[in-house]
Amino acid sequence: MTPAELTGQVRTHIADLADPPCALHASVIAPFVNLRRAALADGFDLVPVSGFRDFARQLAIWNGKFSGAAPLYDESGHPLDAAQLSPPERIGAIVQWSAIPGASRHHWGTDLDLIDRRAVGPGYRVQLTAAEFTPPGPFAPLAQWLESNAARFGFFRPFRGVLSGVQPEPWHFSFAPIAEHARRALTPALLRAALDEAPLLGKEHVLERLDELHARYVASIDWP
Ligand SMILES: [Zn+2]
């Protein structure tokens, strides 16, 4: 992947799948379809609620949280009031749940947030919370199935809350053969270049500690 692809600024590496509708790295479509087929055979309607996400979208998520327009949470998932926090405190809260623009694994098209569409009604609003993926949550059976089967198809969970600073995300899976190349290619220098011109709120504080943020939230991931 090129620097622009790695940081989500272009989508030249992305292909669109029609059913279920999602955008993924062109080489991840087939592995995902195989994973989905196996899940279907075992009774799960496995669909992504998020696949590829571009830089502009991640920037909007970041700025929404930083400005207080979108909810901000502490490490236990309790709501925080952004107005009461200094810029470094806001950044510390955001990075536990959301990636810095340019540093999201969703930019690569190798990572997906997965649910079982069959486990909930059509009006259900997916929140992607730990409770949904833990018994008696609706997606707990799928989480267990993925835990046992995803690796056979090349997928793994990068965010288990062990080595990665990101909170555990039992819904987030990554296609290792391509994502590992991307993780190694996305250096702090490359990320810095992507952020330099971006209208990122709190930018000077992010750039000031970018090496540390990169080490903890980009370079460090969890393996099974
Ligand atoms: Zn995700």
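Sheet and helix packing

Analyst: An open sheet is formed by four strands in the order β3-β6-β8-β7, with antiparallel pairing. The model is predicted: local features need pLDDT of at least 70, side-chain atom pairs count only at pLDDT 80 or more, and totals for chains, interfaces and linings use all residues. Residues are numbered from 1 along each chain as its sequence is written, and side-chain values use heavy atoms, without hydrogens and water.

User: What makes β3 and β7 edge strands?

Analyst: β3 (46–50) and β7 (155–156) each pair on one side only. Strands are DSSP runs of E of at least two residues, and helices are runs of H or I of at least four, numbered from the N terminus.

User: Why are β6 and β8 called paired?

Analyst: Pairing requires at least two DSSP bridges between two strands; β6 (residues 111–116) and β8 (residues 172–175) have three, in the antiparallel sense, and therefore count as paired. Aspartate 113 stands opposite histidine 172 in β8.

User: Which strands does helix α5 touch?

Analyst: Helix α5 (residues 140–149) packs on the sheet and touches β3, β6 and β8. Contact means heavy atoms within 4.5 Å.

User: How are α7 and α9 packed?

Analyst: Helix α7 (residues 188–196) and helix α9 (residues 210–219) pack at about 115°, with axes 10 Å apart. Axes are lines fitted to C-alpha atoms, for helices over the stretch in contact, and angles run from 0 to 180 degrees between N-to-C directions. In α7, Pro188, Leu191, Arg192 and Leu195 meet Leu210, Asp211 and His214 of α9.
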